[in-house]
Amino acid sequence: MWDAFGFEFVNFYLIPGLVLGCIYALGAIGITLTFGILRFANFAHGEVMMSGAYIAWTIMALVGAAGIALHPLVALPFAAIFVIGLFLLCDRWFYKPFRKADTIKIVIASFGVMLIIRSAVQALWGPNQITFVPGIARPNAWLQSVTGDAGMMILMPNKHLWIFAGTILLVVALSYLLNRTRTGKAMRAVSDSPDLAHVTGINVETVIKATWIVGGICATAAGVFLVMDTQTLETTMGFRMLLPMFAAAILGGIGKPYGAVFGGLVIGLAEELSAYPWIGDTPLLSPGYKTGVAFAIMVVMLIVRPQGLFKGRSF
Amino acid sequence: MEAYLGYFLYLLSLLTVGGIYAIFALGLNVQWGFAGLFNAGIVGFVAVGAYVYALLTTAESTFHIGGFGLPLPVGMAIAMAMAALIAGLIGLVCIRLRSDYLAIATIGIAEIIKLIFKNETDITNGPRGINKIPRAWEHFSEERFYSSAPMSWIATPEQWVAFFDSLPNWYWQPLFAGTILLVVFIIYKMLERARTSPWGRMMTAIRENEPASRAAGKDVTKRRIEAFVIGAAIMGLGGALFAQHLRLIEPTNTFDPSKVTFLVWVMLIAGGSGNNRGAILGAFLIWTIWSASELLIAGMIDVISAVFSTLDPSILATRAGFLRMMLIGILMQVILQRYPGGILPEVRPASPKAEKTVAGATGETK
């Protein structure tokens, strides 16, 4: 079972797929919550995520100039504060005026916000790639030796371990929030039926704020994890991530955070595994089409089962 | 005189590109303004039109498939037909999706189309793109055109060379701009006819109240697919003209969604969705702002780099280019919030019967 193929499969396809899946999952949580509670597809989500990664890089560079090498995960909470602020400002300026209007207006507005944020980042930091953390990531030596002794060697750099740990932590915290706290329950209530929630005395505006805050934290984490994984910062990464994240949200069912996590993992795995040589020696799908897999899954889901796997909302 | 020539050519290029965008905006107006279909994948149809035109009309090449050297109008017609065909296939499966789902799906499809153009290197030359695309009117001065029929019937190649040498090298610019404006005018006339026809009124009814028009026995799905296909065909034609204007197309930067899809949306919203004149006005207006802001920002950079001599003007120049996009984005937000109808809001065509009764009730003669 665990031969050269298994080694290759797990280390070069399965683990990168799971890492990518974690990143998509975190991004999709924000999208699915906004879609469920505010009822619109937020096209600006990817760009906000990207700006969070840029802020984290700037914090690291500033602290680094003072001679302290900061781990990206330390910079993450500070970047998250900024991203939450950005989300709330966008909501106040661009989304709130359309709260009672047609959904489509707010979608167009978010389309505009996407471009505004991206061009602002491009103007401030320049359009070129920036190296996030230089150097080659070595596999974790301890994990390598332990699993190597057991006969199935796993090569995992520390960054991937951090990404897994961070994702699990955030998802556990999210499930605590949604199931145990008053705000979380109110969020779920508004997502299920805004009118009923309003009648029971839930302050919808507070819930919307909470949504942006939760979405902001997850989006920043997704952005920082993505640049930790690829080690480069690009201004186009927000748009590149946007469609896979939508795909994950739709796959899991709109308004279902756990569905989004599951959907993210499926999309991430599907993208990576589509390049695995399942039949013969050549990749099943040319790696150039890897990003197309998510779009294809999404389009098929929209047509076949628009409510998603977990019976989310379908409009 | 020389200075005026420069202004004249700048005006012509504004009209050329503005006209191409007006064609895109008219196409989007059929989909969004008439039928209420949120197509966020304009760039996909534009790319199909541009690539089909480029492959059919370029001279034979080793870099990409064919280079079939077909006459230009044939290339444009097939480009239009291909865009329509692809839109038809997409429409069959996606048209029943709700507005923002349709937006997500069309963005995804546009990205898949671009991915195919990027990865099928044997057919499209991949990221390196296709160059030497013949441009209408300018192509007459290329050897393969004047040395073959029908141009060779009129005069010998030597005579043609002498003739083109006697013309100024910008001779094709007014002709090309004129052709594009003519195309805009023809499409406008046809769409105005469609809008005031029963078909156009039915589209409005479907957009405003789908259950009611369904109850009235209208085939909503079919009408929507029609609008989607017609809009996409117009975009494909625009794409063919876009390829002519650029003469070099490649999948990533030429067909940047923010510079095609988004700009066209801003144009239509600014001009007034549902109004064909508004679409044309918005296209020329936004393109002029876009184009003029480049000059404005260039002027600002001169001032800034004169004041702060420590800043590198070349870095400023590359970054300031992005401020234009931001400006357009903010402009769109302002229009959306303050003037939701656009500059020229939609005017509903009254049905001929209704006009008569009004005239009769007030005792006026029409």
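Student: How do α10 and α12 of chain B cross?

Tutor: In this predicted model, the axes of helix α10(B), residues 198-208, and helix α12(B), residues 220-246, cross at roughly 110 degrees and come within 11 Å. Because angles from 65 to 115 degrees count as roughly perpendicular, α10(B) is roughly perpendicular to α12(B).

Student: Left-handed or right-handed crossing?

Tutor: Left-handed, as α10(B) passes α12(B).

Student: And which residues meet there?

Tutor: From α10(B) come Met202(B), Met203(B) and Ile206(B), and they meet Val220(B), Arg223(B), Arg224(B) and Ala227(B) of α12(B). Sorted by class, that contact has five nonpolar residues, two charged ones and no polar ones.

Student: OK, chain A now. At what angle do α2 and α10 of chain A pack?

Tutor: About 130 degrees, and the axes of α2(A), residues 45-65, and α10(A) are 7 Å apart. That angle makes α2(A) oblique to α10(A). The crossing of α2(A) past α10(A) is right-handed.

Student: Which residues make that contact?

Tutor: On the α2(A) side they are His45(A), Gly46(A), Glu47(A), Met49(A) and Met50(A). On the α10(A) side they are Met237(A), Gly238(A), Phe239(A), Met241(A), Leu242(A) and Met245(A). In terms of class, seven are nonpolar, three polar and one charged.

Student: Switching topic: how many residues are in contact between chain A and chain B?

Tutor: Chain A has 34 residues in contact with 36 residues of chain B. On the chain A side, the elements giving two or more residues are α4 (103-125), α10 (237-252) and α12 (290-304).

Student: Which one gives the largest share?

Tutor: That is α4(A), with 14 residues.

Student: What does that side of chain A have by class?

Tutor: There are 24 nonpolar residues, nine polar and one charged on the side of chain A that touches chain B.

Student: What does the predictor give for the complex as a whole?

Tutor: An ipTM of 0.86 and a pTM of 0.89.

Student: And what does pLDDT average in each chain?

Tutor: Chain A averages 86, with 97% of its residues scoring at least 70. Chain B averages 86 too, and 94% of its residues score at least 70.

Student: Where in chain A is confidence lowest, and where is it highest?

Tutor: It is lowest in helix α5(A), residues 141-149, at a mean of 79, and highest in helix α9(A), residues 204-230, at 92.

Student: Where does pLDDT stay under 50 in chain B?

Tutor: Over residues 358-366 of chain B, where the model has three contacts beyond four places in sequence. Where pLDDT is low, the predicted coordinates should not be read in detail.

Student: Last topic! Where does UniProt place "transmembrane region" in chain A?

Tutor: The unreviewed UniProt entry puts that feature at several spans of chain A, including residues 50-70 and 161-178. Residues 50-70 of chain A are 76% helix and 0% strand, and the end C-alpha atoms are 19 Å apart. Residues 161-178 of chain A are 100% helix and 0% strand, with the end C-alpha atoms 26 Å apart.

Student: What about chain B, which residues does UniProt list?

Tutor: Among them are residues 74-94 and 101-117, again from an unreviewed entry. The model has residues 74-94 of chain B as 100% helix, and their end C-alpha atoms lie 30 Å apart. Residues 101-117 of chain B are 100% helix as well, and there the end C-alpha atoms lie 25 Å apart.

Note on methods:
Residues are numbered from 1 along each chain as its sequence is written. Chains are lettered from A and ligands numbered from 1 in the order in which they are written. This is a predicted model: local features need pLDDT of at least 70, side-chain atom pairs count only at pLDDT 80 or more; totals for chains, interfaces and linings use all residues. Two residues are in contact if their C-beta atoms, placed from the backbone, lie within 7 Å. Helices (H or I, at least four residues) and strands (E, at least two) are DSSP runs, numbered from the N terminus. Ala, Val, Leu, Ile, Met, Phe, Trp, Tyr, Cys and Pro count as nonpolar, Asp, Glu, Lys and Arg as charged, and the others, Gly among them, as polar. Axes are lines fitted to C-alpha atoms, for helices over the stretch in contact, and angles run from 0 to 180 degrees between N-to-C directions. Angles under 35 degrees count as roughly parallel, over 145 as roughly antiparallel, 65 to 115 as roughly perpendicular and the rest as oblique. A crossing is left-handed if the near helix is turned anticlockwise from the far one by less than a right angle, and right-handed if clockwise. UniProt positions are given in the numbering used here, feature names are shortened, and annotations may be inferred rather than shown by experiment. pLDDT is the predictor's confidence in each residue, from 0 to 100.
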